[in-house]
Amino acid sequence: FQAEDGIRDRNVTGVQTCALPIYGCVLQGFILHNFEEGFGFALASAQVSNPLVAGPTIHILGLIDYSISSSQKAIEQVTQTCSEILDREDDPLLGSAVSTLGRLITLNEVEIVKLLFKAGDSGVPVALYALSEILWLQRETLADREWYWPLFLHLTAAEVDHGGTLRNIDMLLVDFVRDRDRQARLFEFLNVWIAKQPIQSLTENGIEKYFSSTFHELVKEGQFLNKVITSWLLEDDAHFPLIVQKAVSHIRAVGSTSITLDPVQLDTLEQNEIRFLLRRILGYIIGDEVQIPLIFSLAYTHDAPARTFHWVANVLRDQVGYDYPHQVIKFLEAQQNDQDVSDDIKTLCGDIVEALQGQLDDLGALPRLKEFLPSSSKERRFNKERWKQMNKAVEEGRKESVLLQFTSQVILKAGRQSFQSIDNRYTEPMTLKSISHSVAIPRSEVTDPARAARERLQYRSATRDME
């Protein structure tokens, strides 16, 4: 420990001498052996221009047990050193300086909090990552501080490609979902973060990817999820309904469709706002299992017969009912059979079902024109190509399967029935059966896809005051 400059010089050439990995340990041991001399040496090393020396030194300065020193001066000197680094936003030691300040925050809270706010204002990715680590690792100690939440909001500057920062934020926000007293703050954070993102970055993925754990918990909180979706659909900023579209698509993929509009917010809407909300649903939400419950939830608002029944009837009959007539009828008949549904709503359902059934009967009565029926040869060719397409998709999926990489594939050929051997005995023959899955395609996408696309664009671009 006497050759102080020798330690530093060896670290400068550490790439060749392999001394670099142990430099931090040696430095910390030096400080423990003689705090005054070791700390002075470390403080001087933190000023070295070579980041291979200054970086580990800044890190070690945040790990020192300052209780062995009777003076507050050492903590103030480290704070000042980190402050000078923060003044240079392009400094390669910026992340290390913020992390060190976070470790010392309880020793010099007033000054360090000011510097952390400064780091958050910079918006530099490494500074935001270090800040997110501080708020995550010390959440139990610091969460009750008045400055914690305002500092947390600085993390809304994190962009979609800042994966490490977003993961730390995600782990923090999960606790907000589970704590109903803090759900409002979660909503505030997501609103600010979404508004700051370039809309192009949200066209592929939304919060279901960037905050996956938070979104998973959010889906479990049905009422809060309904409130969030309703609020975002009512936002004028196109960022928010786009986020809803991605979120709803993910919810549909996992098999959950129990989404409705928030009745508390619906009770306060004017007629132009209800029309605006319906246009947002028709423009951004796709899928009968989601569209129908969302629109029908308007029937359960305050003074619904006078305020919303005509909207529900028109949209389900003329818009959604045209695209998904059978699904709408099935949903409304279930409502009619529900004993908890009021007579007014049952009457509404009956009127819509009668109108849709009449349309289906009229369509069914039309003669089938042979000119529009494909020939049997074309059907066979189509089925053959479809079979090849599905086989190719299955083969591509097998390539990405980790399990199949360790197993052998055995192709079995069978006729109309199959059997197997268990405990040296043959089982009874089993008849082979096909397995299929179907998804309802909107009728407008088949009859006139150009018009359907144009209408969706018009619904998305509509404003509150547009008739």
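Which residue forms a salt bridge with Glu111? In this predicted model, the partner is Lys114, and the closest N and O atoms of the pair are 4.0 Å apart. Glu111 and Lys114 lie three residues apart in helix H8, so about one helical turn separates them. Glu111 is partly exposed, with 38% relative accessibility, whereas Lys114 is exposed at 53%.

Helix H8 (residues 109-122) also holds Lys118, whose side chain meets that of Asp87 in a salt bridge. This pair links distant parts of the chain, 31 residues apart, with Asp87 in the loop between helix H6 (73-86) and helix H7 (94-103). Lys118 is partly exposed at 34% relative accessibility, and Asp87 is partly exposed at 49%.

In helix H27 (residues 449-461), Arg451 and Glu455 are four residues apart, which means a separation of about one helical turn. These two residues form a salt bridge as well. Arg451 is partly exposed at 45%, as is Glu455 at 23%.

| Salt bridge | N to O distance |
|---|---|
| Lys118 and Asp87 | 2.1 Å |
| Arg451 and Glu455 | 3.3 Å |
| Glu111 and Lys114 | 4.0 Å |

The count of salt bridges comes to 17. A network of salt bridges links Arg139, Asp175, Arg178, Glu217 and Lys220.

Backbone angles are a separate topic. Most residues other than glycine have a negative phi. Asp303, in the loop between helix H20 (288-296) and helix H21 (304-307), has a positive phi of about 55° and is partly exposed at 42% relative accessibility. Asp423 has a positive phi near 55°; this residue sits in the loop between strand S2 (421-422) and strand S3 (425-426) and is exposed, with a relative accessible area of 68%.

Definitions and conventions: Residues numbered from 1 in each chain as written. Predicted model: local features only at pLDDT ≥ 70, side-chain atom pairs only at ≥ 80, totals over all residues. Heavy atoms only, no water. Helix = DSSP H or I, 4+ residues; strand = E, 2+ residues; numbered from the N terminus. Buried < 20%, exposed > 50% of the residue type's maximum accessible area, 1.4 Å probe, protein only.
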